[in-house]
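This report describes one protein chain, part by part. Please look at the sequence and the model before reading on.

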Amino acid sequence: MISSCSRFIVTRSFSSKMARSALDEMTESGAFNRTPSTFRNFISKDKTSQFPAESGRYHLYISYACPWASRCLSFVKLKGLDKAISYTAVKPIWERTKESDEHFGWVFPSSTEEPGAEPDPLNGAKSIRELYELASSNYMGKYTVPVLWDKKLKTIVSNESAEIIRMFNTEFNDIAENADLDLYPSHMQALIDEVNEWIYDTINNGVYKCGFAKKQGPYDEAVEKLFDALDKCEETLSKQRYICGNTLTEADVRLFVTLIRFDEVYTVHFKCNKKQLREYPNLFNYTKDIYQIPGMSSTVNMAHIKKHYYGSHPSINPFGIIPVGPGVDYSSPHDRERFGS
Ligand SMILES: N[C@@H](CCC(=O)N[C@@H](CS)C(=O)NCC(=O)O)C(=O)O
């Protein structure tokens, strides 16, 4: 087994123009800088399109650890797309993806040794990297989840969760069990976009900017913006049930995936410890409220979440020790019904 220190150095040596892992996405100033996704096709309800919405045609590859993949799985559950879109979860801890080089990334188990993770049922791939290589022979970017796979054309439709959730919201309504649920209704789109933008920058990606900062300045800046944004959410949620009003929207799902990981991981691993989520009464109850929506709790596998973060970032946690707590119970009663539903 390669030592955690050399593992980090070798991984970085891949970094020329494109990043090969989140650990390589650093600017000269020591700040974390996420690279954009590469596969950006759209599934359409139009039956003549290249990627038409069809039951059984598409497969979602996820990690339960990954907030971006989890938001896609949340949409599968909320929209009632379980029967139309199949999915597989990888193992939580990054491993070597090839014998011939030192890249570490998402891999599939060979059997059922890791509860929740399964072998690749479609291509027999050993890693997510292999799927990218099947889809494109000259791909040079990161091998990220989620991956939305087209079984018919044997390629990646999209690896951008923000766009995958939009496809799931509208394009499968002929087959979705909850077709009437619109998480991005046209009359709220401007507001949702605006909220998504600052929440992404300060909270969803903000926790990563705190955790992956390599200098004090970028950390201080990110942590201040993060807690200012959480204070702003707390204030908003003292007046309404959800972040854009009294209706559940895409913005809530996007915020939830970060909040549910906050006390278990981000406070410790990413040094986001100015306050814990449990110290914000409205944000904490809001997180429980969303967790208790039918289907949502099945998207949260806390064992995978903790194993991944604490076990896959040797530059932050060299010995991979997983802290014991806090073991928050998100299924306990909340007070959000005071706003109605
Ligand atoms: N823009 C992508 C980001 C996905 C992403 O960063 N996924 C992480 C896991 S949370 C990943 O797979 N990282 C692999 C790596 O850094 O090598 C999306 O939102 O879909």
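In this predicted model, 24 residues of domain 1 are in contact with 27 residues of domain 2, where contact means heavy atoms within 4.5 Å. Domain 1 covers residues 38–171 and domain 2 covers residues 186–339; these bounds come from an automatic or database domain assignment. The centres of the two domains, taken over C-alpha atoms, are 23 Å apart.

The size of an interface is often given as the accessible area lost when the parts come together. Between domain 1 and domain 2 about 2,100 Å² is buried, with 63% of it on carbon and sulfur atoms. Buried area here is the accessible area (1.4 Å probe) that two parts lose on being put together, summed over both. Tyr64, Trp68 and Leu78 supply 25% of the area that domain 1 buries against domain 2, more than any other three residues.

Residues are numbered from 1 along each chain as its sequence is written. Because the model is predicted, local features need pLDDT of at least 70 and side-chain atom pairs count only at pLDDT 80 or more, while totals for chains, interfaces and linings use all residues; side-chain values use heavy atoms, with hydrogens and water left out.

Two single residues are set side by side below. Buried means under 20% relative accessible area, exposed over 50%, and partly exposed in between (1.4 Å probe, protein chains only).

| Residue | Relative accessible area | Class |
|---|---|---|
| Histidine 59 | 3% | buried |
| Isoleucine 293 | 19% | buried |

Isoleucine 293 sits in the loop between helix H9 (281–291) and helix H10 (302–312). Helices (H or I, at least four residues) and strands (E, at least two) are DSSP runs, numbered from the N terminus. Not counting residues up to four places away in sequence, isoleucine 293 touches Leu78 and Leu248. Leucine 78 is 215 residues from isoleucine 293 in sequence, but their C-alpha atoms are 8.3 Å apart in space.

Histidine 59 belongs to strand S1 (residues 58–62). Its side chain makes a polar contact of 2.7 Å with the side chain of serine 86. A polar contact is a pair of N or O atoms within 3.5 Å; within protein, one must be able to donate a hydrogen and the other to accept it, and residues adjacent in sequence count only if both atoms are side-chain atoms. Beyond four places in sequence, the residues in contact with histidine 59 include Tyr87, Pro121 and Trp149.
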